[in-house]
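Hi there,

Here is the structure I promised to pass on.

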Amino acid sequence: MEETISTTASKLGVFRSGLTLTSIGFEREAINEALEYLENKEFPTTREEAWKYTRLSKLSNTSFSGNIQPLLKSIPSVHNDSFRFVFENGTLTERSSEIATSIKEVSSEKLIGIKSEPQLFEALNLAYAEDGLFIEIPNKTIVQKPIELIQVSNNNKATNLRHIIRLGDFAEAEITLVYASEEKSNGFLNVVSDIVLGKGSKLTIHKLQLENGTDFHFSRENAKQDKDSTLTINTLTLSGNLVRNDVNVKVAGQNAETNLNGAYILKNNQLVDNHTVVDHLVAHCQSNELYKGVLYDKSTAVFNGKVFVRPDAQKINAFQSNANVLMSDDANVNSKPELEIYADDVKCSHGSTTGQLDESAIFYLRARGLSEKSAKSLLVSAFISDVLNKIKNQEVLDFIQSVLNKEHDWDFEA
Amino acid sequence: MANYTEDDLAKDLQSQEYKFGFVTDIETDTVPVGLNEDIIKLISSKKNEPEWLLKYRLDAFKIWKDMIEPEWAHVNYQKPDFQAIAYYSAPKQTKKYESWDDVDPEMKETMKKLGISLEEQQRLTGVAVDFVMDSVSVATSFKEKLKELGIIFCSFSDAVQEHPDLVKKYMGSVVPTTDNFYAALNSAVFTDGSFCYIPKGVRCPMELSTYFRINAGGTGQFERTLVVADEGSYVSYLEGCTAPQRDENQLHAAVVELIALENAEIKYSTVQNWYPGDKEGKGGVFNFVTKRGICERNAKISWTQVETGSAVTWKYPSCILKGENSIGEFYSVAVTNNFQQADTGTKMVHLGKNTKSTIISKGISAGKSQNSYRGLVQIHKNANNARNFSQCDSLLMTDQCGAHTFPYIECKNPTAKIEHEATTSKIGEDQLFYCMQRGISEEKAISLIVNGYCKEVLNQLPMEFAVEAQKLLAISLEGSVG
């Protein structure tokens, strides 16, 4: 497939010229639509509301050579027993074929209806997706083991991955996504997951981000829920140079439940931007959102949560909370919880707090012999525990703990 | 009325007509329709303005020409044609009145309908009223008493003539001409407004108040208010608006600047009841106002607003907390009905150490209206120990209205403490049940709950103003607020 990019002078044009058009069997029309959208577009600037606090100038000025370095470290593993898939630098190298296949091997009939929203990174993803997983859980099937999807990079390459996750009626599954990169990695990773939940189905996703390189990471979940379904997405950003998470949930069936939890613990110049949209299209639903963050050094966090309640979507309970602790003079937080309500019989609320650790609590712990450092770590871990307590899988929790201990040198003994 | 339900209330709200819709028949002196440098020069010469002010206007006009109308607000309206507006209209009698008896009886009648009988106010309440009838002030009272204390309270045009140094020093210092589209427009074409200066250490003994009324058809009002509180002084300033009923949309783009120097305190209260349009959403005033205050060390600015009118409201009274220990407050009740749209809130910019801000915003939407809170809390790097508390509640009265919250919270200092919370709901059935179970009729119960809901803000209004505010709230929510 060939294409010409007319606007090679633009930065996005240059960026696109380094990409190869997707060979996945999406509808030709959808791909054309995405390409048309990208035509004459530029990377978003902070003048655009959705990117108000996240500068992409560094990304637009980076050229990606496509170089791939061999992985030096062992590939992380969260679960002892799981359906395990590994993407090394965007290539599927390990798979448990009984549960899912590469999206490249999926017949195009199964990909009918997959389109991109008019959003730059989503359109890029559709037009240039290299690979991805296609997970389809049949009706009334409960997946016994967690599905573990690990993406490790050590490259200077732009990678687009597209996952499709479909749960049939009354199906249940738990998916752990791990994004890791090595110190020297400085690539671009753009992952979009299309998630569809059937009636009465239950899906839990743990998204663990622990990239050590200077990568640009964009990750997006587009979910649609049918009635009586439960969706839980836990987003944990433990490390990452520039991380943008977009969680978009359309609640299209009554009596559905949506839980979005997030924690971010950042240091140095790291930046994480969490955007969530919960769109209540129908009545009698419940959504909960809890995002907590700790910011060290010169790190920056952005939270933008949006709850829509559409006309006639009555009896909605929607809660949204964002709390931040700033640990240094140079840390930065921008929080924007939003409500847009068009129905009257609803209970919607949101809260946002920003502050620092309580001096008297630190004093209390120090008086009991803890060093300042461990006193602070203990309080920070207590602060984050609200979010971690929502995670029911012990293996995931242990993994998070071990990463945090390593990344932030947490030690409660000394 | 024992079976008065929320649905009935909603119906009442929808059928509520504008009560202050009347046009006073006074000859007015209007400049030709349109906006260009000649019009600005004409306005300036009509007002006998000094050269520097004309230059200020022309500079602002140049800036405005290159600006585009902001579109980010959550409102939808037919944009006004700025060339179809007459930018100046003044009651014909330019002669100042010698005594109260000389005042046009028609105008007296207007004031009576508004509930401001000047004689009575002079005698009983101790409120000095600077009544602005379409841009030129026609009656000023209590001037003598204020003069004794050194307080200057006059129309903006008088201030330009009599206190040019003060005006020149402070005008545009908080809201520069480049600030936004409407502020630039106002800077170019403003006709009149109020000016107030409180000298060092003086506590203004009475509430200063100005009533604005839009009158002549097709004239936008471009008011300019400047309040300067010198070191250690205190002033409470009241502003109230009602407008006659009219079919075409009228534009109101005011600029209000408050300057609180060291240890000073300004309390600025507004009751706004411009014509909101009829039940079909036809007509109504566009209220695009820029209000901002700056606080020096230990100073305090408190905004209180009761917004019941206007077809479209775009208004963010803000505080720049520049000095250490300064305090900013914002208390707001915004009621929208029928097809009204409001996008209102505040900005609290913390620059100095130990600065504090409180935001209490209560929105009530009824009919098919859209009511949004949009606010910014910004803690800058040097604002150690800054403190903010925000609470934004929305009450939905019908299933066709909307209530939205868009808070922006930006923090660059780790010692700051920021709290924001917002809720959206309708009147709780359990609350209603609780009241009714104790023998309170449903109507009374709704009134009780709505009253209690707004109490936090209404309590902030000065005594003299509370009556007027309650009157307007009662008109907007008749049948529920007693």
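How many residue pairs are in polar contact between chain B and chain A? The count is 17 residue pairs, both residues at pLDDT 80 or more, where a polar contact is a pair of N or O atoms within 3.5 Å; within protein, one must be able to donate a hydrogen and the other to accept it, and residues adjacent in sequence count only if both atoms are side-chain atoms.

Some housekeeping: this is a predicted model, so local features need pLDDT of at least 70 and side-chain atom pairs pLDDT 80 or more, while totals for chains, interfaces and linings use all residues. Residues are numbered from 1 along each chain as its sequence is written, chains are lettered from A and ligands numbered from 1 in the order in which they are written, and side-chain values use heavy atoms, leaving out hydrogens and water.

**The interface**

In chain B, β23 (402–411) and β24 (417–425) each supply at least two residues of the side that touches chain A (strands are DSSP E runs of at least two residues, helices H or I runs of at least four, numbered from the N terminus). β23(B) gives the most, with 10 residues. The rule finds 2 salt bridges across this interface, a salt bridge being a side-chain nitrogen of Lys or Arg within 4 Å of a carboxyl oxygen of Asp or Glu. Lys426(B) and Asp345(A) meet in a salt bridge at 4.0 Å, N to O. In contact terms (heavy atoms within 4.5 Å), 33 residues of chain B touch 35 residues of chain A.

**Helix α2 of chain B**

Within α2(B) (residues 37–46), Ile39(B), Ile40(B), Ile43(B) and Ser44(B) are buried (under 20% relative accessible area; exposed is over 50%, partly exposed in between; 1.4 Å probe, protein chains only). These residues fall within an arc of 135 degrees seen down the helix axis, so they line one face; the arc is that of the directions from the axis to the C-beta atoms. Asp38(B) and Ser45(B) are exposed on the other side. The buried residues pack against α3 (51–65) and α9 (181–189) of chain B. Asn36(B) caps the N-terminal end, with a side-chain oxygen 3.0 Å from the backbone nitrogen of Asp38(B).

**Helix α4 of chain A**

Here 9 of the 9 residues of α4(A) (120–128) are buried, so the helix is largely enclosed by the rest of the structure. Its cover includes α1 (11–17), α2 (28–38) and β8 (158–167) of chain A.

Enjoy exploring!
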